[in-house]
Amino acid sequence: MDEIRYVKLRQQPALKARAAAWFHEKWGIPLQAYLQSMDECLRSEAPVPQWYLAMTGDTIVGGMGVIENDFHDRKDLRPNVCAVYVEPAYRCQAIAGRLLQVVCDDMARQGIDTLYLLTDHTGFYERYGWQCYCPAMGDGENVPSRIYIHESKTGKA
């Protein structure tokens, strides 16, 4: 297998259309929503939103973003890591864990030491330093999911 590269969309804006289509295909969120968020990422110097990809050659094999709120009722818990996905053929190779570390490190460099993540997974994110924080209702959901928290050690005593 080829080496995995971790790419920040802001550093490779030509990937925007492909990245938006890839996330849309994985999550079913309207393509325009991804394009709008990615346009905002590329236009602004603000740390949020951001988009990150794991690539082998020219192929996107994983990705995630950082947005203000990942469609849940705890609007006070922000920003949120969102759209975490790794292609099935590339799972169990620590790609998601490495992407999570890239994102946390990048956000910490930009002054954001605390990130949140909404999920119904258990056991996965704990491996990468995330802790279950509280329940939250996802938009349109009938059963609560969990919000995880990650606090960066960067810059802290």
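**Stop 1: a glycine in a helix**

Start by selecting G97, which sits in helix α3, residues 95-109. Helices here are DSSP runs of H or I with at least four residues, strands are runs of E with at least two, and both are numbered from the N terminus. Before going on, note that this is a predicted model, where local features need pLDDT of at least 70 and side-chain atom pairs count only at pLDDT 80 or more, while totals for chains, interfaces and linings use all residues. Residues are numbered from 1 along each chain as its sequence is written, and side-chain values use heavy atoms, with hydrogens and water left out.

Is G97 buried or exposed? G97 has a relative accessible area of 9%, so it is buried (buried is under 20%, exposed over 50%, partly exposed in between, with a 1.4 Å probe and protein chains only).

**Stop 2: two helices crossing**

Next, select residues 16-27 (α1) and 31-43 (α2); their axes come within 9 Å and cross at roughly 140°. The axes are lines fitted to C-alpha atoms over the stretch in contact, with angles from 0 to 180 degrees between N-to-C directions. That angle makes α1 oblique to α2 (under 35 degrees is roughly parallel, over 145 roughly antiparallel, 65 to 115 roughly perpendicular, and the rest oblique).

Show side chains for the contact, meaning heavy atoms within 4.5 Å. From α1 you'll want K16, A17, A19, A20, A21, F23, H24 and W27; from α2, pick L31, Y34, L35, M38, D39 and L42.

**Stop 3: the cysteines**

How many disulfides are there? Taking a disulfide as a pair of cysteine sulfur atoms within 2.5 Å, the count is zero. Then select C134, which is in no disulfide either; its nearest cysteine sulfur belongs to C132, 7.6 Å away. C134 counts as buried too, at 12% relative accessibility.

**Stop 4: an arginine in a strand**

Finish on R146, in strand β7, residues 145-151. R146 is partly exposed, with a relative accessible area of 26%. Leaving out residues up to four places away in sequence, R146 touches L117, L118, T119, D120, H121, T122, C132 and C134. The C-alpha atoms of R146 and L118 are 5.7 Å apart, though 28 residues separate them along the chain.
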